[in-house]
Amino acid sequence: MEHPILENNRSQPKRPVLAILTVDDELQLFRGNRSNFADILRAGHEHGFTVYVVTVKHLKLLKSKVTGFTFIEESQSWQKGLFPLPDIVYNRVPMREDELQPHVKRKINALLKHPTIRIFNPAFFNKWSLFEWLNMSKSTRPYIPATRKLVTQNSLRLLLKRHLFLYLKPVSGKAGKGIMAIRLQPEKQMPYRLRMQEKRRSLNYNCATISKLWAKIRKESSGEAYIAQQGIELLKHQDRQFDLRVLVQKNQRGQWDVTGIGARMAGSSSITTHVPRGGSIEDPDRLLQYSFGQEQARKVMIKVKSAAILIARQIERGSGHSLGEMSMDLGVDKHGSIWFFEANSKPMKFDEPHIRKKSLERLFQYSQYLLTKKTKRAGGA
Ligand SMILES: Nc1ncnc2c1ncn2[C@@H]1O[C@H](COP(=O)(O)OP(=O)(O)O)[C@@H](O)[C@H]1O
Ligand SMILES: [Mg+2]
């Protein structure tokens with residue numbers, strides 16, 4: 001394996017440099033998904049890039065060399081080294097808490113303003129902003145379930161008047177944490193049915209009045225900001241609901257493109273489809289064909305792709321920043337309508353090998369595109 005410092009030998013044409021940005025860690029050099037970072041390094045080398053992992057603390061923008069980390073295949077370990085300042089910074093600061101720290105915010109802002117360095121994916125999304133951005137455009141409004149901030153009992157009551165089935169979700173949540181669902185069954189003695197997502201199953205709580213329901217929700221949500229959202233009756237297969245995970249990235253022309261679509265099917269007693277909560281990885285074409293037959297399933301997939309691209313464009317517009325990729329959770333109902341649940345600005349590794357492979361290629365194809373743009377503004381990052 002080439003030594004990183006020799007890679008940028010002065011006599012050779014300059015290799016493009018991409019730095020994966022994260023934060024440092026007391027125990028293990030840096031935080032983040034190391035196997036993901038190692039894959040990105042490998043893919044970058046194949047595309048002729050110098051790639052390294054850098055922490056916010058080490059990325060000193062006024063220096064010409066930066067301390068970073070590279071992965072040594074022979075020893076399967078991370079090694080410190082000196083690297084050139086990056087042309088491109090790929091933000092993978094792993095947690096919201098980290099991104100909110102003042103020194104992290106300052107560095108990201110400095111990168112956004114930097115005359116030559118391009119940074120993409122400047123911040124995590126939150127579920128309420130996503131809703132607001134998508135609600136602003138006629139092209140994306142049809143895909144979003146009715147959503148409100150869950151602040152008072154009255155906000156809940158207003159939404160329940162129109163929708164007997166609701167999802168409650170923390171605005172900064174992920175991986176199904178803190179998600180609840182409500183069904184109002186007016187004919188029942190205990191009409192309010194709350195389901196709360198536990199580790200791998202959901203717990204039920206039934207009550208007679210909305211004030212009891214509200215008290216329970218307050219207790220369960222423990223002070224976190226929540227949204228309440230119209231519940232969508234997702235398609236089911238073998239009595240388990242499923243939804244789609246769409247990876248959208250910018251391509252070699254700098255345009256949004258669907259890299260791949262996976263499906264996740266909920267565990268039998270789960271209200272979300274996450275794999276760690278008992279969900280399973282499925283083939284989206286096959287699942288849609290069970291529900292709709294081949295011809296109709298094909299049409300739904302085409303609609304999913306065009307919806308995902310419209311949504312990505314509008315999220316980018318709403319966020320006010322240049323984005324390079326995002327993953328989306330989309331649901332499909334029995335009429336074949338498509339529903340947006342959320343988008344993640346720092347997508348996790350897809351388990352489907354074909355999507356994974358293409359996602360790594362796209363990352364560098366888009367980076368290459370950014371480098372061919374003369375000015376930062378035109379590059380869009
Ligand atoms: N409004 C909704 N109607 C039906 N199902 C939903 C709704 N919102 C979320 N879900 C289900 O819960 C899962 C998790 O919701 P999501 O918004 O993606 O939160 P998280 O950030 O925890 O992944 C979705 O993938 C979907 O299966
Ligand atoms: Mg999700």
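1. Ligand 1 lies between domain 2 (127-143 + 234-372) and domain 3 (147-230), because both give residues to the shell around it; the domain bounds come from an automatic or database domain assignment. This is a predicted model, in which local features need pLDDT of at least 70, side-chain atom pairs count only at pLDDT 80 or more, and totals for chains, interfaces and linings use all residues. Residues are numbered from 1 along each chain as its sequence is written, and chains are lettered from A and ligands numbered from 1 in the order in which they are written, while side-chain values use heavy atoms, without hydrogens and water.

2. Now to the neighbours. Around ligand 1 there are 22 residues, each with a heavy atom within 4 Å of it. The closest are Lys127, Lys169, Gly176, Asp243 and Asp329.

3. A backbone N or O atom of Gln230 is 2.9 Å from a nitrogen atom of ligand 1. For Ala175, a backbone N or O atom lies 3.3 Å from an oxygen atom of the ligand.

Definitions and conventions. Polar contact = N/O pair within 3.5 Å; in protein donor to acceptor, adjacent residues only side chain to side chain.
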